[in-house]
Amino acid sequence: MARLDPHSYADASHPQTRTLRWKARVDFERRVLDAEATLVFAAPGEGVIDLDTRALAVQSVVDDAGRALPFTLDAPDGVLGARLSVTLPSPTGSITVRYRTSPEATALQWLTPEQTAGKKAPFLFSQCQAIHARSVVPLQDTPRVRITFEAELTVPANLRALMAAAFVKRAVEGDVAVESYAMPQPVPPYLFAFAVGDVVFRDVGPRSRVWAEAAVVEAAAWEFAEIDAHLAVGERLFGPYDWDRFDVLVMPPSFPYGGMENPRLTFLTPTLLAGDRSQVRVVSHELAHSWTGNLITNANAEHFWLNEGWTRYAELRIVEATEGVEAGALHAALGRRGLDRAIERFVKEGRPELTKLRTHLAGVDPDDAFSEVPYDKGCLFILALEAHVGRARFERFIRAYIETFRFGAITTEDFLAFTERELPGALAAIDAPAWIDGHGVPANAPASKSALLDAIGALGARVPDADTAARWSPTEWQLYLEAMPDTVTRETAEALDARYHLTQKSAYEILVAWLLVAVRAGYEPALPRAESLLGEVGRMKYLKPLYRALMDRADTAPIARRAFARHAASYHPIARMVIAPIVG
Ligand code: BES
Ligand code: ZN
């Protein structure tokens, strides 16, 4: 046995899937997919093949001649799901599994019409990263096994089926529509993604289109009008864009992330629609994954920093190029603030090992290990490397890195060996082991420098005067609020709200940063808004800290418990799973 990944039953000695042919009928009534998955192997294989599944009801498995194959579906492991072992008595080029998903599939969220902007049609979407693809398709669910795919979704004819893949055709047959897609580039299974709903589009550039429900599509097209310009910056930094198109889909509010880099069709939270284009950075981040993550992929969740640290770095470069160096410095400072808080929390919780870049996650659910560490400590490590060798040399290094590993999956060790070869001595000079295997942030971490930042720092927990506040960008507001000490008094919170009406803000980044300050300060007039927010959005970046802050105080913990009891059923299964222990 040679496991490829601590989070998969896939075995290096078994046949490897190269292509998936998938057909699924979407049943909104029963909340299931009736599906058929054909796994085509890189070479005909025999013996045993182990697949990952979670909560799938397997009806049959046949070989390429249609002969039934013996299979066993093990009892599920809490983290991995259930192993599906199929025996191939003679060489076969492919196997076909007929199965049904569960209404509890962890990748899927089935929304009622009331949970959408239009309130008329249901909505369904998938979120497969890190290890949820197995709840939708039985496959070798590890980035080590990249697949191309062809897919056919049968949906109610009044809805569209979108996939993170190239559109092939839509055929209406009576009251259903069959939509076909193809992904010709090999991708890791966590990038398998689809959504079904009453959505329309606006083109915002030759290579980019914004999809959303009709009620929000105009606002979304305005907010993301700059996508094409960002694509050009990405290409200048990282080389040719390999995925043909960069479309985005604005999801219903329960989408659990800010964005998800599904190839050709990034999924975005509607909380980005701030009305000022300030959150385009999230789109730049997902775009940057087109190179770092989707082209070069972490070999498994223990090397997640390779995906997110690199992408955070790229995001920062795009912010710098499109908004200027000063904006970049402020953006980096926000990242540092979030990182320091995450580290503080892990130390307090007695899990300091999660402050390392390279983690050890056997038996640990990647969703439980998720934090800012791989993002912002990863980014600082890359910035330290860049600072040591200089930007010009580092840019050549980036190009070589992408050229060498494109369409591959790599580990931290692969990255370090490559870096040593290309930039000899640089890793030792910046003490890479302290970054990779050490706790916390090494003292040689690069720090952002900016006069604006200094001004905010000098203010501390004092209330800014009207002139200062009027000049602040959304990022400066956010930095000011996020840099506030946990000891802010109720009086300060009250003065801030009286002067700047923060509880009424509609831009979520500022609103949530404020609500955290207000809750910690015991400023009760903000509590109803904190509570309503918990039922209005499903983005974990907001839910987790708000639930934590409420639970931290005896007088507000009941609000958190009440909100979770009321709203858990309308959260995505992943959000429900990570928030339950916070309120538990
Ligand atoms: N790939 C991540 C989202 C993700 C991570 C999903 C781990 C599942 C498991 C995405 O690229 C991301 O990082 N999104 C951020 C955006 C931010 C860093 C700009 C988010 O959701 O907030
Ligand atoms: Zn990311």
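This is a predicted model: local features need pLDDT of at least 70, side-chain atom pairs count only at pLDDT 80 or more; totals for chains, interfaces and linings use all residues.
Local features need pLDDT of at least 70, side-chain atom pairs count only at pLDDT 80 or more, and totals for chains, interfaces and linings use all residues. Residues are numbered from 1 along each chain as written, and side-chain values use heavy atoms, without hydrogens and water.

Around ligand 1 stand 18 residues (a heavy atom within 4 Å). Gln129, Gly258, Glu261, Glu286 and Tyr375 come nearest. A polar side-chain atom of Gln129 lies 2.8 Å from a ligand nitrogen. A polar backbone atom of Gly258 lies 2.6 Å from a ligand oxygen. Glu286 places a polar side-chain atom 2.7 Å from an oxygen of ligand 1. The protein buries 93% of the 520 Å² that ligand 1 exposes when taken alone (Shrake-Rupley method, 1.4 Å probe).

Helix H4 (304-323) gives the most to this shell, with four residues. Domain 2 (198-290) and domain 3 (293-449) each supply at least three residues; their bounds come from an automatic or database assignment.

The second largest pocket has a volume of about 310 Å³. A pocket is an open set of points on a 1 Å grid where a 1.4 Å probe fits, with protein on both sides within 12 Å along at least five of seven lines. Its lining (an atom within 4 Å of a point) comprises 23 residues. Gln115, Pro252, Pro253, Ser254 and Glu536 lie nearest the pocket centre.

Terms used: Chains are lettered from A and ligands numbered from 1 in the order in which they are written. Grid points are joined across faces, edges and corners, and a volume is the space filled by probe spheres set on the points. A polar contact is a pair of N or O atoms within 3.5 Å; within protein, one must be able to donate a hydrogen and the other to accept it, and residues adjacent in sequence count only if both atoms are side-chain atoms. Helices (H or I, at least four residues) and strands (E, at least two) are DSSP runs, numbered from the N terminus.
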